[in-house]
Amino acid sequence: MIFLKAFLVGGLICAITQIFIDKTNLTPARIMVGIVCLGVLLSAIGIYEPIADFAGAGATVPLFGFGHNLWKGIREAIDESGILGLFLGGFKASAVGISAALVFSYVFSHLFKSKMP
């Protein structure tokens, strides 16, 4: 049953995102940034956590999950360092994911020798 929940919620998130891509003049990059910011906002007001508990990876893997992860890092850093945590928490929470993306993209760019069109 958990796979069905993850599929339905993740699919709904992707379908809504695709509608925004198709029906608005926003660039995909702006839509992606908006989704991350919406994940932070939903986490800050307490809506995202129950959705993530219900859907598991269907809610935590898309960009909403990245925004949720940023919010958790910021909230923990504010509790530890005060207002300075506002600036430190996001970096601390996302450092591993961003570092992995950079390392893997660098490695694969050398393995496959991509060419510009």
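Modeller: On a 1 Å grid over the protein atoms alone, a pocket is an open set of points with protein on both sides within 12 Å along at least five of seven lines, whereas a cavity is a set of points where a 1.4 Å probe fits but cannot get out. Lining residues have an atom within 4 Å of a point. Grid points are joined across faces, edges and corners, and a volume is the space filled by probe spheres set on the points. In this structure, the largest pocket holds about 300 Å³ of space. Please note that this is a predicted model, in which local features need pLDDT of at least 70 and side-chain atom pairs count only at pLDDT 80 or more, while totals for chains, interfaces and linings use all residues. Residues are numbered from 1 along each chain as its sequence is written, and side-chain values use heavy atoms, with hydrogens and water left out.

Biologist: Which residues lie nearest the centre of the largest pocket?

Modeller: They are Ile13, Ile16, Ile35, Leu38 and Phe64, out of a lining of 17 residues. Helix 1 (2-23), helix 2 (28-44) and helix 3 (48-55) are the elements that give two or more residues to this lining. Helices (H or I, at least four residues) and strands (E, at least two) are DSSP runs, numbered from the N terminus.

Biologist: How many salt bridges does the structure hold?

Modeller: A salt bridge is a side-chain nitrogen of Lys or Arg within 4 Å of a carboxyl oxygen of Asp or Glu. The structure holds one, in which the side chains of Lys92 and Glu80 meet at 3.9 Å, N to O. Because Lys92 lies in helix 6 (residues 85-112) and Glu80 in helix 5 (residues 63-81), the pair ties together parts that are twelve residues apart in sequence.

Biologist: Are Lys92 and Glu80 buried or exposed?

Modeller: Buried means under 20% relative accessible area, exposed over 50%, and partly exposed in between (1.4 Å probe, protein chains only). Both Lys92 and Glu80 are exposed. Of the 117 residues in the chain, 26% are buried.

Biologist: Why does Ser94 count as buried?

Modeller: Ser94, which lies in helix 6, counts as buried because its relative accessibility is 6%. Its C-alpha atom is separated by 8.1 Å from that of Gly73, 21 residues apart along the chain. Ser43, in helix 2, is also buried, with a relative accessible area of 9%. By contrast, Lys115, in the segment after helix 6, is exposed at 72%.

Biologist: Which residues form a nonpolar patch on the surface?

Modeller: Patches are made of residues with over 30% relative accessible area and no salt bridge; like charges are joined within 9 Å, and nonpolar side chains (Val, Leu, Ile, Met, Phe, Trp, Tyr) within 5 Å. Accessible areas come from the Shrake-Rupley method with a 1.4 Å probe; for residues, only the protein chains shown count as cover. Here Val103, Phe104, Tyr106, Val107, Phe108, Leu111 and Phe112 form the patch, with about 780 Å² of accessible area together. Phe104 has its place in helix 6.
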